[in-house]
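Reader: I have just opened this model and would like a close look at a single part, the interface. Please take me through it slowly, and then set it in its wider surroundings.

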Number of protein chains: 2
Amino acid sequence: MGIENKTIVIGHKNPDTDSICSVIAYTELKNKTADGEFVACRAGEISSETQYVLDAFEAEVPELVTEVAEDQAVILIDHNEKTQCADGADDAQIIEIIDHHKIGSIETKDPILFRNEPVGCSATIITKMYKEAGVEPDKKTAGLLLSAILSDTLNFRSPTCTDRDVETGRELASIAGVDTDDYAVKMFEAGEKLDGKTAEDIFYSDFKIFEKDDIRFGIGQASFMSQSTLDEARAMITDYIDETLAKDNTKMAFFMLTSIQDQSSRMIYAGEGAREALESGFDVTQNADEEGILLKDVVSRKKQLVPALMETV
Amino acid sequence: MGIENKTIVIGHKNPDTDSICSVIAYTELKNKTADGEFVACRAGEISSETQYVLDAFEAEVPELVTEVAEDQAVILIDHNEKTQCADGADDAQIIEIIDHHKIGSIETKDPILFRNEPVGCSATIITKMYKEAGVEPDKKTAGLLLSAILSDTLNFRSPTCTDRDVETGRELASIAGVDTDDYAVKMFEAGEKLDGKTAEDIFYSDFKIFEKDDIRFGIGQASFMSQSTLDEARAMITDYIDETLAKDNTKMAFFMLTSIQDQSSRMIYAGEGAREALESGFDVTQNADEEGILLKDVVSRKKQLVPALMETV
């Protein structure tokens, strides 16, 4: 399929849902409002979260582009760092950039449209551009743009989420006819599937060892949008955590199963004194059961859990 | 005057009219629509063209800033290259960039508003931002924005001028109550003053020597928006050009007095065969007088004059 005479619209490597959905939506807007032909492209494999979104709104997967020719016209979406570009895209004929990150290393030969706005998601900017062009996104496009916003802002809960993202998301949800909370859970579940992962994979994917007065203790963490996936991981970690003491030569082991929706962490623990250390550090009497202790409003290992345990272990 | 707690709004070094007027207008918009205090600043001396504009609309000269502290909040207008920043501004807390040039070397630590559009003047973008904010520029601000557009686009004649610049300029002229052609001539006259310049200064400011078959000939060029300044330079060059033959050891000398408004060049010449070379190369019979030959539609030394003279000298 020849794209030589078309303009490539493309997101960053390791594309997330914003980098795919904003590309599809912006390509559609350009094809409706600008001269020339624009083609939606991607710089890498589709994640399972994004695949769920494309299936939900019956959207086509953008074309995979691994190498961009120097004379190829390109529009960069959701990135403006050379290192994040599809190979060659930073040296191609960049004609536009739409992004919401810090200003990065890309330079151009000519004046171009570079629209970078400090919002939570590129799709929020693209939706504004639809409005400015007087084009109403259809149900499918609204669904894609909404999905990008929910994904980037963790269903409006991330610290990067702005009022504009929330307002834009609400408008798109109404066009797409989507209940955002319900849809977001399903989308994140699709993205968080534990398929094939072992308890060991989950436990050590983000794990650190600390020491206080010759007491070695380990803390792992995994964050989830989906409660059912968190529960699945909880069962696996509960069965596994005892093994890690000998393996890591630690006296205690802790694992934070953090719920982004609830802003809380379910603590799984092992080793002598581990439960007591948690009980001394936090008010946990109401929230403990045989599968761990629930710490409300605790989501940061570095800022919340480690300082408390350093006092109490 | 303390600016520590205010946000500096500043243009590039060697400020032109756009870099001063867009700064004043955008500072006013921010003070009307955003939290905090914003102060119009400049990174260098005001040109005589810009001084004419500030006088015409009774606007204050922005504050001179030669060094920007690292923790100072700044908004960059009309530039996004480190080399063009006021000293220190590229390492300060850049919170916004509004520009119409190629994407340059500035990087930021955080996501910011970077609005770069491929139009002829930053003031065209700032005027759009007034509209988006629902704020009508007053007569003075409209006059400043209009002046920036006329200056950057050479009264709508430069190749960088877009339809948006023309449309925006017309709207601003109507608010400011300004006849653009008349005003532009006065503004450019103020900027092109020959004060203190000698004929030698003008002749050699942009001068090159060429050779064809052992015939050496020199061509100088100066461009003018103002006919009266062009006429003044014409009288000086006409009296002077004969001297240059011995000085440069050339057989012929040519000087192009280019009128940007008319897209033509008045040719002053000296040396045996110079007039004939021009007459053979161009159809000049109708446009010659004792003070030179008028070449209509000839403005480029490189692309138009040199190729013709290479054939005919």
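**The interface between chain A and chain B**

Author: Happy to! Let us begin with the atoms that meet: seven residue pairs are in polar contact across the interface of chain A and chain B, with both residues of each pair at pLDDT 80 or more. Strand β6 of chain A, residues 113-116, gives the most to the side of chain A that touches chain B, contributing four residues. By kind, the residues on that side of chain A are seven nonpolar, six polar and seven charged. Even with those charged residues on the chain A side, the count of salt bridges between chain A and chain B is zero.

Please keep in mind that this is a predicted model. Its scores are ipTM 0.81 and pTM 0.83. For chain A the mean pLDDT is 93, and 98% of the residues of chain A reach 70 or more.

Now for the extent of the contact. On each side 20 residues take part: 20 of chain A are in contact with 20 of chain B. Together the two chains bury about 1600 Å², and 55% of that area is on carbon and sulfur atoms. Within chain A, the residues that lose the most area to chain B are K102(A), I103(A) and F114(A), which together make up 33% of what that side buries. One of these, F114(A), falls within the 113-116 range of β6(A).

I10(A) stands opposite L76(A) in β4(A).

D87(A) is in the loop between β4 and β5 (93-99) of chain A and K13(A) is in the loop between β1 and α1 (17-33) of chain A, so the pair ties together parts that are 74 residues apart in sequence.

To finish, chain B also has an open sheet of six strands, in the order β7-β8-β9-β10-β12-β11, again with mixed pairing. Its edge strands are β7 (207-212) and β11 (288-289) of chain B, each pairing on one side only. β7(B) is joined by six bridges to strand β8 (residues 215-224) of chain B, and the two run antiparallel. In this pairing, I209(B) has G218(B) in β8(B) as its bridge partner. β7(B) and β8(B) form a hairpin with two residues between them, and D213(B) in the turn has a positive phi of about 50°. Further along the sheet, β10 (residues 264-270) and β12 (residues 292-296) of chain B pair in the antiparallel sense over four bridges, and R266(B) has L294(B) in β12(B) as its bridge partner.

Key:
Residues are numbered from 1 along each chain as its sequence is written. Chains are lettered from A and ligands numbered from 1 in the order in which they are written. This is a predicted model: local features need pLDDT of at least 70, side-chain atom pairs count only at pLDDT 80 or more; totals for chains, interfaces and linings use all residues. Side-chain values use heavy atoms; hydrogens and water are left out. Contact means heavy atoms within 4.5 Å. Buried area is the accessible area (1.4 Å probe) that two parts lose on being put together, summed over both. A salt bridge is a side-chain nitrogen of Lys or Arg within 4 Å of a carboxyl oxygen of Asp or Glu. A polar contact is a pair of N or O atoms within 3.5 Å; within protein, one must be able to donate a hydrogen and the other to accept it, and residues adjacent in sequence count only if both atoms are side-chain atoms. Ala, Val, Leu, Ile, Met, Phe, Trp, Tyr, Cys and Pro count as nonpolar, Asp, Glu, Lys and Arg as charged, and the others, Gly among them, as polar. pLDDT is the predictor's confidence in each residue, from 0 to 100. Two strands pair if DSSP finds at least two bridges between them.
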